[in-house]
Amino acid sequence: MIKVKNLEFTYAGAGEKTLKGLDFELGKGEVLGFLGPSGAGKSTTQKILIGILKDYKGQVKVFDKELNSLGTDYYEKIGVSFELPNLYSKFTALENLDFFRALYSVSTESPEKLLDMVGLLESKNMRVSEFSKGMKMRLNFCRAFLNNPDLIFLDEPTSGLDPVNAKKIKDIILEQKQRGKTIFLTTHNMNVAEDLCDRVAFIVNGEIKLIDSPRQLKLDRGKKVVRVEYQEQGKMEFKEFDIAEIGSNQQFAALLREKQIETIHTQEATLEDIFIQVTGRSLI
Ligand code: ADP
Ligand code: MG
């Protein structure tokens, strides 16, 4: 769906390039996440992909065509959710969706169905000015699905949401993925990247440091040890064993046989641990 080669971008008046030669692809039905700290260039990349920032260098192909050659019908085919909600605060939730819906010439989803999906149906007649930040985020999010698009861009879809609503949004994204939708998303939250993305691009300072699946990253770079916690003379002790050939490790077997075992866990690096390992930067 998307093919990007050597993408560079510099904001007018800025001293240095914000994007320094990005290469990536997004296949049909895939969820690709851009994971990186604030200021890395995630939103800039999304704005280029949706045609808002035009003076980029390099090649950006969407639906097999160079982005700059796509006309306004591009907006009929994609769904976009921006990082900061852009809504009409004097309108109700329903009026907002009705307004944006009228901009499409393709057939659209029922606004009430979308509001229900994000848990806002009961607030449909409330003015957006009375909405909490989380409610605005959810209304903004469901806008992306009005035209039932196959290609969806979500900029920080769960930021500012409490855990319950963040889970709701994550479940909706997973359901869209199951329906075969192609999704580009940005996040600085490793759990969002891990739970939703087929592949994750680590982006720092306008450069992609690595792209891989979260699972593969953990397999390749996670610590491969088993940590056993056990009681000894009323005290909690632990030992770590290499997971390779653990079945024939006599010390491990003896420990299991002779001690009162409390927990046994494989030690897994988190995606953030791996991010720091690879990029030298934390996600915050
Ligand atoms: P992210 O989404 O990863 O937090 P952004 O893409 O928003 O990062 O920003 C990347 C860099 O570009 C930052 O250094 C930011 O300050 C700069 N930037 C973003 N928007 C503008 C703008 N309109 N004009 C100039 N610089 C900008
Ligand atoms: Mg951003």
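User: Which residues does N96 touch, not counting residues up to four places away in sequence?
Analyst: This is a predicted model in which local features need pLDDT of at least 70, side-chain atom pairs count only at pLDDT 80 or more, and totals for chains, interfaces and linings use all residues; side-chain values use heavy atoms, without hydrogens and water. Residues are numbered from 1 along each chain as its sequence is written, while chains are lettered from A and ligands numbered from 1 in the order in which they are written. Contact means heavy atoms within 4.5 Å. With residues up to four places away in sequence not counted, N96 touches L87, Y88, F91 and V128.

User: Is N96 buried or exposed?
Analyst: N96 is found in helix α3; helices (H or I, at least four residues) and strands (E, at least two) are DSSP runs, numbered from the N terminus. Buried means under 20% relative accessible area, exposed over 50%, and partly exposed in between, with a 1.4 Å probe and protein chains only. Because its relative accessibility is 0%, N96 counts as buried.

User: How many residues apart in sequence are N96 and V128?
Analyst: V128 is among the residues that N96 touches. The two are 8.5 Å apart in space, C-alpha to C-alpha. Their separation in sequence is 32 residues.

User: Which residues coordinate the magnesium ion, ligand 2?
Analyst: Donors are N, O and S atoms within 2.8 Å of the metal (3.2 Å for Na, K and Ca); water is not among the atoms, so sites may look incomplete. One donor is OG and the other OE, at 2.1 to 2.6 Å. The pair links helix α1 (residues 42-49) to the loop between β6 (78-81) and α3, 40 residues apart. The coordinating residues are S43 and E83.

User: Which term describes the accessibility of E83?
Analyst: S43 has a relative accessible area of 18%, so S43 is buried. For E83 the relative accessible area is 33%. E83 is therefore partly exposed.

User: How much of the accessible area of ligand 1 does the protein cover?
Analyst: The residues around ligand 1 (near means a heavy atom within 4 Å) include Y11, T18, P37, K42 and T44. An oxygen atom of ligand 1 is 2.7 Å from a polar backbone atom of G39, and an oxygen atom of ligand 1 is 2.8 Å from a polar backbone atom of S43. On its own, ligand 1 has 570 Å² of accessible area, computed by the Shrake-Rupley method with a 1.4 Å probe; for residues, only the protein chains shown count as cover.

User: Which residue has a backbone oxygen 2.7 Å from a polar atom of the side chain of T45?
Analyst: T45 is in helix α1 and counts as buried because its relative accessibility is 0%. Its contacts beyond four places in sequence include F24, F34 and I203. The backbone oxygen 2.7 Å from the side chain of T45 belongs to G41.

User: Which side chain does a polar contact of 2.8 Å join to that of E109?
Analyst: E109 lies in the loop between α3 (93-102) and α4 (111-117), and is buried because its relative accessible area is 13%. A polar contact is a pair of N or O atoms within 3.5 Å; within protein, one must be able to donate a hydrogen and the other to accept it, and residues adjacent in sequence count only if both atoms are side-chain atoms. The side chain joined to E109 at 2.8 Å is that of K113.
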